[in-house]
Amino acid sequence: MKKVGTPDYTVSDKLKTHAAALGTAAKEMILPLNITTHYPRERKRQPDCFRGIMLFDPERCISCFQCSFVCPANAIWMKEAPSGRYYPTLDHGKCIYCHFCVDTCPGGALRTTKIHDVAFKTMEEMFTTTEEMVEPPTIIREDETVVDYVIDKEDLSLKRTKEVDELIPDVPESKGVPMVSVCVDRGSCIACKICDQICESGAVSSVKDEAAMTVKMSIDAEKCTGCGLCVKECSMQILRLVRK
Amino acid sequence: MIDMINGLISTIMNNPVNIPLLYVVYEFLLKIPVLGGIVAFLLDFSLLGYPIVRIIIGFILWKPIFILLLVPGFATLGTMLLVLPWLERKLVGRMQWRVGPREIAPRTRGSIQLLADSLRFLCQEVIIPKDAHKFYFLQFPFLYFLPVLLPLLFINPGAAGTPLVPLESPYALQIMIGLISFMPVFIMGVGWSSNNRFAFIGTVREAFMYFAYEIPFIISILAMIVLYGTSDTAEVISLANQSSWWNWGIVLNPLAALVFFIATVMATARLPFEIPEADQELAFGPFIEYSGIAFGLAYVMAYEKLYVLAAIMTMLFLGGGSGPVIPYLGDLSYLIWFVVKTLVLLLVLVNLRGVYPRYRLDQALNIGWGALLIFALVAVVWSLVLGGVL
């Protein structure tokens, strides 16, 4: 067994360490290496992909529920709009800002901003409705300087530039991954037509075969938006989302 | 009766501090049209046959009163209490890559932070715990000023040939040691009257530390008394500055200076010997129950003691007020050098907290009863040898 004891220092070692510690302190006292950002008056420059408050574009939303399904904190609930479509609402009390919803959105309706300094007065306010997610929240900007952290070899230093950082970055719109719903096991289809009822884009159609007394469902790959609603709802679990 | 008053006035008026600059300012003021007239009228204004304004100014400029009240006495102590914690926070912040106080008066780098703090303490309610001994609980932080302020009577900020000591006594150093040794009693009283378990632990630690540092501390001063052959502060300063800085105590007996320095850090419970207060585990130890203005008083207790001890160290080891003479300032020149030396010493003392972590109680006792005591005894022997040689 190995025992850990106090290191063996001679008197000269101790004096050297004391002198080094005091010397470092004196050096830092005169020429400090300060890495503090004076936050309300200065802002650290964040990357464009910073995971801040999310904005929502209802025009691009295909009501696919993917954001709600993927949310690990169960913060996104879909609410029915007057138009009959379902749009996401976000509970900031639960949200962990993992941005899985932004990554998973097939239509690119959710986008990220660099706004991270948001305060809510009550728990009820933290539950943001769809309307509140469209416009960025009002923030009072006091900052005039942007701070960049520069790492050269070992030391970290700050580079200050007189400019106001744009908090809503102008990133190219996400195209999403084009997906299409495909039936993998036609023999098992019971023609319950749930997919037909739930499809918003009218991609599912049914063909009645009078002679064989069967109904065949077919999915039009051109019309399918790849929202995956039919995949979720299929009673026989025979639909899959595949890349277009 | 009238003879007595006249005698008192002549004593006061015949022993002023020598500041030539004041006369230059006075003559300049007389030349200004309206202001000069007012100044001349005020100085000639007499009540019952006495020039009352002249007597008041003379009283303030009377040597003992000037030294005791202004520099380096109460006024300087008060200024230090306001400036020193700010400087400490600022400099320790710089050492640790932080900014320190800044938000209050940002243009002056937060320099009035302590005023804001004291305002907060003033407005806060003073809560007296149910189990505390109310009488002593409220009394001790105020009584603590007694042993802190009395040593200022014997501190000599002058240089060779010009002793500037309010009270000359052949036993000045011994009286100061006695008063300083009296200070921990008040801290123990504070801890005892709080009747709190953390305060109790802090008090016991304070008692342990008290014996660990007090003996080397007294012996290191004894070494200097042996070296100078006198314990009268006026003579100590005269002997220390006979030729130049190589006659300072720190050069003649560096070991005693080191022991005094470490004992000062221990006595004021500052890092690395912040054992009785130990913020992280005891939450300010003996002072845990204090709030409001009583806490403000308890908070500055350590700084008061620090100032007195640093002033004594400046006097004994750093040659008092000796330094390049600033023209037109006369005696004030010595006082300024004394305060500057004390301030530098204070900054070194308070900024140790940015460098060292805290020792355990047993380690600190080991240092106090071991190395420190041995060093102090060696310093006495060195003083005896040096006294024989010189």
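How many residues of chain B are in contact with chain A, and how many residues of chain A are in contact with chain B?

Analyst: The model is a predicted one. In it, nine residues of chain B are in contact with ten residues of chain A. On the chain B side, the residues that touch chain A divide into five nonpolar, two polar and two charged.

The two partners may be described in turn, beginning with chain A. Seven helices and twelve strands make up the secondary structure elements of chain A. Its radius of gyration is 28 Å, whereas the globule rule gives 18 Å for 244 residues; chain A is therefore more spread out than a compact globule. Along the principal axes, the C-alpha atoms of chain A fill a box of roughly 105 × 60 × 35 Å. Of the 244 residues in chain A, 18% count as buried. Among the contacts in chain A with a separation of 6 or more, 67% come from residues 24 or more positions apart.

Between them, six residues of domain 1 of chain B are in contact with five residues of domain 2 of chain B. The side of domain 1 of chain B that touches domain 2 of chain B has five nonpolar residues, one polar residue and no charged residue. By comparison, the side of chain B that touches chain A does include charged residues, two in number.

Definitions and conventions: Residues are numbered from 1 along each chain as its sequence is written. Chains are lettered from A and ligands numbered from 1 in the order in which they are written. This is a predicted model: local features need pLDDT of at least 70, side-chain atom pairs count only at pLDDT 80 or more; totals for chains, interfaces and linings use all residues. Helices (H or I, at least four residues) and strands (E, at least two) are DSSP runs, numbered from the N terminus. The radius of gyration is taken over C-alpha atoms; the globule rule is 2.2 Å times the number of residues to the power 0.38. A residue is buried if 20 or more other C-beta atoms lie within 10 Å of its own, exposed if 12 or fewer, and partly exposed in between; C-beta atoms are placed from the backbone. Two residues are in contact if their C-beta atoms, placed from the backbone, lie within 7 Å. Ala, Val, Leu, Ile, Met, Phe, Trp, Tyr, Cys and Pro count as nonpolar, Asp, Glu, Lys and Arg as charged, and the others, Gly among them, as polar.
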